[in-house]
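Subject: Structure handover

Hi,

Here is the structure for your files. My notes on it follow below.

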Amino acid sequence: MLGPAFAIVPGDLESAGFTRSGATAWKKAMDGDPRGATSDGMFARVLAVRGNHDGHDARGWLSFFEPAERVAAAGGSHYEETDGGLSYSFDVANAHFVAVDVPGDVDLMTAAQTAWIDGDLGQAEARGVTHSFLFWHGPLWGLADHCCGSTNPGIVEVFNRHPSVSATFHGHEHVNAWTHIGRERYPGATREFEQLVSGRAGAEPVRCLPGRADYCQDERDGFLVVDVKGPQFTVSFYVLGQAAPVRQLSFSKR
């Protein structure tokens, strides 16, 4: 058992929109038993953002996921929210987490959201956080031909002002992959960070295009685990049904 403190899901829980019945079935699976006969309580610590397939019935989504309660269950502090609670942030130990409601490609992120992220990161850094991890649906740097040709220079300009930004996490593309983002890949990115995509959880697989990723897992379903220890964080790529990771990546704040 990996025993994570909490789980992050970067959108697209269902294929045809958010429904109470579909989300309930998903909850049972997250709790360890699709039949709902037993539960390990993991769902209480699942932190989610909407994807393009979840992009309606915001009120139903909020009532089902109740982010403030889940952050508290995960041991988070300094909870803040915007977008009526669809976007939120919190601290755990020396790390700050920012969930942004972007139900689709990254160009859907609004100027208001970008401004909120800028202020939120500044407040977290004033508290002395070492890492800031951000998650929303569509990646900044597209990896495959499934989607994600859009860009968003505004959020990269925000990252340039905040040394705590360590990594972003996304779904949308049906791959599990890592890309190091710097000015060579993203014009205007003067502060480097890691982009992690975890989209191989049941959707039809796609392949990373040549040169788009520094690591792209094969087409088997799987997930990522992140361990944070002081200035270091490690990302482990897992394939369903295997106890050991298929790849581990370690990063450190300079």
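Are Trp26 and Phe43 buried or exposed? Both Trp26 and Phe43 are buried. Buried means under 20% relative accessible area, exposed means over 50%, and partly exposed lies in between (1.4 Å probe, protein chains only).

Some ground rules. This is a predicted model, in which local features need pLDDT of at least 70 and side-chain atom pairs count only at pLDDT 80 or more, while totals for chains, interfaces and linings use all residues. Residues are numbered from 1 along each chain as its sequence is written, and side-chain values use heavy atoms, with hydrogens and water left out.

Overall fold

The chain has five helices and 13 strands. These are DSSP runs numbered from the N terminus: helices are H or I with at least four residues, strands are E with at least two. Along the principal axes, the C-alpha atoms fill a box of roughly 50 × 40 × 35 Å.

Of the 254 residues, 49% count as buried. Take contacts between residues at least 6 apart in sequence: 65% of them join residues at least 24 apart. Contact here means heavy atoms within 4.5 Å. The chain exposes about 11400 Å², with carbon and sulfur atoms supplying 52% of it. Accessible areas come from the Shrake-Rupley method with a 1.4 Å probe; for residues, only the protein chains shown count as cover.

Aromatic pairs

There are 22 aromatic pairs in the structure. Rings of Phe, Tyr and Trp (its six-membered ring) pair if their centres lie within 6.5 Å; planes under 30 degrees apart are stacked, over 60 edge-to-face, and the rest tilted. Trp26 and Phe43 make an edge-to-face pair, at 6.1 Å centre to centre and 80° between the planes. Trp26 is in helix H1 (residues 20-30), and Phe43 is in the loop between H1 and strand S2 (46-48), 17 residues apart.

Tyr88 and Phe135 are also edge-to-face, at 6.5 Å and 80°. This pair links strand S4 (residues 87-92) to strand S6 (residues 131-135), 47 residues apart. Tyr88 is buried at 2% relative accessible area, and Phe135 is buried at 1%. Tyr88 and Phe135 belong to one aromatic cluster, whose members include Phe6, Phe90, Trp178 and Phe251.

Charges over rings

The charged end of Arg70 sits over the ring of Phe43, 4.2 Å from its centre. Arg212 has its charged end over the ring of Trp141, 3.7 Å from the centre. The test is NZ of Lys or CZ of Arg within 6 Å of the ring centre and within 35 degrees of the ring normal.

Salt bridges

The structure holds eight salt bridges. Each is a side-chain nitrogen of Lys or Arg within 4 Å of a carboxyl oxygen of Asp or Glu. Arg127 and Asp91 meet at 2.8 Å, N to O. Arg127 lies in the loop between helix H4 (111-126) and S6, and Asp91 in strand S4, so the bridge ties together parts 36 residues apart in sequence. Arg127 is partly exposed at 33%, whereas Asp91 is buried at 5%.

Arg200 bridges to Asp221, with the closest N and O atoms 2.4 Å apart. Arg200 is buried at 4% relative accessibility; Asp221 is partly exposed at 25%.

Best wishes
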